[in-house]
Amino acid sequence: MVTGEDREFDDLLLMLKETRGFDFTGYKRSTLQRRVARRLEALKLETTGEYRDYLELEPGEFEVLFDSLLINVTGFFRDPQAWRVLRDRAIRPIIAAKGGCRPIRAWSAGCATGEEAYSLAIALAEELGPDEFLERVKVYGTDLDEKALQTARTAFYDERKIADMPPELRDRYFEPVEAGFAFRRDLRRQLIFGRNDLTRDAPISRVDLLLARNTLMYFNAETQLNIVRKFHFALADPGYLFLGKAEMLLNHGDRFEPVDLRMRLFRKTPRPANGTRIGWNSPAAQQEENTRLPRLQGAALASGPVAQITLDAAGRLALLNTRAEVLFGLRARDVGSPFQDLEMSYRPVELRSLIEQAELDLRAVELHDVVWQRPGAQEPSIFDVVVVPLTDRTGGLVGVTVNFHDVTRYRRLRDELEQANKELEHAYEELQSLNEELETTNEELQSTNEELETTNEELQSTNEELETMNEELQSSNDELQQINETLNARTLELDRANRFVASVVRSLGDVVVVADRDLRVLLWSAGAEELWGLRADEAGGRDLASLDIGLPVDRLLPVVRRVLDGEPAAGGRKDPAIVEAVNRRGRPVRLAVTLAPLHEDDASVRGLILVMNRE
């Protein structure tokens, strides 16, 4: 049952897709909801709808949200044992298969801030040597987060990021710079970083080694299937796929075979050898082609997977393929009929206006996401309709073709699954008629196998969730550690400033007292505590004249007022006033009192400074 909160969350994902171009619909919903809930808690908001309104009012929150959703937890040579297996069972075989001069291409998908891409570059350089690495290797790093990619492009990392790297590799491949280390500039030219959305963008092709560690686990099952297909297309033969420890390829045995299952290293399954292509250049073959070409064209049109019809310049139905006949209930006798008389001219969508627009503009007209509830169908079908004007060599309009692309998701998968279930049931019936005991055994094995697969998938899903939460905690820990380091640095700076101020106060005289214009005590030095026995916390904020400390403040008041008014007076910096006072033990003490104004930044007098030295 869909709740109001679920609808609000869907609206938020749609908003991110339409306004910022980030499509998170393929990500695991539980992970997204957990990350958004953190932002709600931080902003003291109650519902996802309130957070959506907040995003519209505060566009700067988008960047904070993306940083939270795109979890950039990575490091150099994470899980060293897995990297050793990668070196021995993938990198070295690739180098051996390539020979001494052929280029090597590698791709780090979901590279975040680049540590994994640079780790891969270092591993290849260690095997090839820097000179051969520069000549043969290209390493591509891609991610969805442009901010993280900018960090990767700078190739700069602080000491904390690089602390776990072996010292000999750090010294060999990194150059010390202010506050950190930078990757060697000569090798940096062989790494290319760019934005790539694994759910929508085309993959990088012909790569020999593909790293996607802890990337697939953030996507749902359908999106994972689509991405794995892209990875298979991207890899050369043979090509290697290196995944994270929480990821598996349980349902892709036809595409990848495990090299080291425990370390999640897989190899692309080789393609079967193709047959010999028949040549078409001989005269006999050309003559045969000329006779077969019309039939071949007709058969190709009729068997096309996309429903297609063609209208002539007069608006009559001229051609249609088998898919169109089945989809719209057309027959051969409909050919030659005025298109406007056919039901398909207005169902599933009004086509006549689209056709007129295409004929007028002489360019293709597209209409996306046309929903059609076909009679007898359980679910509506969704089509992309493309109207293309047809012109001859002179540019004159000769007709229009209309294509209906069925983009209904999951249809093919569902049909294949239903067909497989029917075939399985039929096979079970045949086996039962031949040997009931064997059928019983097979059913028991099948039931056990399905239970094990279900259990395995549940464990895999739980493992991925735990790994995701672990990386989120690691990300939060890194943030807290950085905040702690900043606070420690600020504390040290404050301590140094306090010691400096105390040193300045001690250097001014035996006793130093700072007061504001109302003679309230702002600073009470250690010498004042020693002379009159009154602590700084007792004197702070009190009227200097009201303190019973044995200092004849009344005698100093005229001088004090003149200093506060900015007038020169006795008792100034060059002419100290001599007063008789009494210390905390009741003994008389003779003090030379020097008064100076306390200025603000704009030179106005904020208060005064009393410096007293024993005579």
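Arginine 520 forms a salt bridge with aspartate 518, their closest N and O atoms lying 3.3 Å apart, where a salt bridge is a side-chain nitrogen of Lys or Arg within 4 Å of a carboxyl oxygen of Asp or Glu. This is a predicted model, in which local features need pLDDT of at least 70 and side-chain atom pairs count only at pLDDT 80 or more, while totals for chains, interfaces and linings use all residues. Residues are numbered from 1 along each chain as its sequence is written, and side-chain values use heavy atoms, with hydrogens and water left out.

Arginine 520 is partly exposed at 38% relative accessibility, and aspartate 518 is partly exposed at 48% (buried means under 20% relative accessible area, exposed over 50%, partly exposed in between, with a 1.4 Å probe and protein chains only).

Strand β16 (residues 511-516) and strand β17 (residues 521-524) run antiparallel and are joined by three bridges; strands are DSSP runs (E, at least two residues) and helices are runs of H or I with at least four, numbered from the N terminus, and two strands pair if DSSP finds at least two bridges between them. Valine 513 has tryptophan 524 of β17 as its bridge partner, and in this hairpin, with four residues between the strands, leucine 519 takes a positive phi near 65°.

The salt bridges number 37. In one of them, arginine 34 meets glutamate 472 at 3.2 Å, N to O; because arginine 34 lies in helix α2 (residues 29-43) and glutamate 472 in helix α17, the pair ties together parts that are 438 residues apart in sequence. Glutamate 472 is buried at 7% relative accessibility, whereas arginine 34 is partly exposed at 23%.
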